[in-house]
Amino acid sequence: MGCAISGLAAKAEFGEVTTEDAAADVAAADASCPSEEQIQMIKDSWKVIRDDIAKVGIIMFVRLFETHPECKDVFFLFRDVEDLERLRTSRELRAHGLRVMSFIEKSVARLDQMERLEALALELGKGHYHYNAPPKYYSYVGAEFIGAVQPILKERWTEELEEAWKTLFQFVTGLMQRGYQAESKRQLAVPPKERPDKKNTAL
Ligand code: HEM
């Protein structure tokens with residue numbers, strides 16, 4: 001079973017200026033959401049992963065910065081850190097990793113309410129426009145998450161489970177991308193003087 005992104009969440013989430021654009025963008029997407037079977041596998045494995053979310057968050061980001069150093073440059077606080085080993089004990093990275101893992105937890109909890117999950121991910125994508133974190137980087141995160149949780153799940157890890165998590169990440173990051181694009185279009189419609197500065201983040 002699969003599902004296409006509905007577009008309803010976009011309509012609910014975006015203001016008058018961008019509703020049409022956002023809905024068109026979202027309707028054009030054909031990201032499949034996880035099947036019933038995959039949802040069950042994701043939920044079962046999450047029960048194990050959640051005991052280690054702080055650890056997974058850190059490992060995931062250190063791996064991301066190792067494999068794609070350009071992602072580190074997006075983070076004001078981490079961009080000048082040369083020795084990635086130092087980040088393993090960084091309170092800031094721990095806090096950030098936990099925020100991202102909490103988002104994953106919420107996503108898992110909303111797997112039975114796809115429209116709510118869509119709304120959540122679209123909103124996150126909008127936020128990432130303001131963090132200067134472009135969509136080309138989002139797809140890296142799923143692979144690093146998988147690399148971080150595999151050793152925790154040990155023999156419980158299967159190819160099917162990997163496929164299920166990949167599907168969820170593709171679904172969520174596809175929506176984030178749509179949110180990012182809609183927000184960038186919305187900002188272009190705002191006269192430059194009234195545009196808020198991109199935050200490029202407290203982190
Ligand atoms: C699956 C992909 C991703 C997920 C689920 C995710 C999730 C999150 C979450 C939950 C936050 C906390 C703030 C909020 O709720 O808006 C956040 C903040 C942020 N993310 Fe992501 N993110 C992803 C990918 C990325 C990538 C690839 C980058 C950079 C290359 C990035 C850069 C940032 C930055 C700079 C912040 C703001 C940090 C701060 O000031 O607290 N994110 N992200």
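Reply: Helices α4 and α9 are oblique to each other, because their axes cross at roughly 125°. (Angles under 35 degrees count as roughly parallel, over 145 as roughly antiparallel, 65 to 115 as roughly perpendicular and the rest as oblique.) What you are looking at is a predicted model, so local features need pLDDT of at least 70 and side-chain atom pairs count only at pLDDT 80 or more, while totals for chains, interfaces and linings use all residues. Residues are numbered from 1 along each chain as its sequence is written.

The axes of α4 (residues 53–67) and α9 (residues 138–153) come within 8 Å of each other; axes are lines fitted to C-alpha atoms, for helices over the stretch in contact, and angles run from 0 to 180 degrees between N-to-C directions. On the α4 side, the contact is formed by V56, I59, M60, R63, L64 and T67, and α9 brings Y140, V141, E144, F145, G147, A148 and V149. Two residues are in contact if their C-beta atoms, placed from the backbone, lie within 7 Å. Sorted by kind, the residues of this contact are 9 nonpolar, 2 polar and 2 charged (Ala, Val, Leu, Ile, Met, Phe, Trp, Tyr, Cys and Pro count as nonpolar, Asp, Glu, Lys and Arg as charged, and the others, Gly among them, as polar).

Let's stay with α9. It has 16 residues and spans 24 Å from first C-alpha to last, close to the expected 22 Å, a figure that comes from 1.5 Å times one less than the number of residues. Buried in α9 are Y138, V141, E144, F145, A148 and V149. (A residue is buried if 20 or more other C-beta atoms lie within 10 Å of its own, exposed if 12 or fewer, and partly exposed in between, with C-beta atoms placed from the backbone.) These buried residues pack against α3, α4 and α10.

The α3 side comes next. Helix α3 (residues 36–49) packs on α9 at an angle of about 80°, with the axes 10 Å apart, which means that α3 is roughly perpendicular to α9. S45, V48 and I49 of α3 meet V149, I152 and L153 of α9. That contact holds 5 nonpolar residues, 1 polar and no charged.

Most residues other than glycine have a negative phi. In the loop between α8 (114–130) and α9, N132 has a positive phi of about 65° although it is not a glycine. N132 counts as partly exposed because it has 14 C-beta neighbours inside 10 Å.

Finally, step back to the whole chain. It has 10 helices and 0 strands, where helices (H or I, at least four residues) and strands (E, at least two) are DSSP runs, numbered from the N terminus. Of its 203 residues, 35% count as buried.
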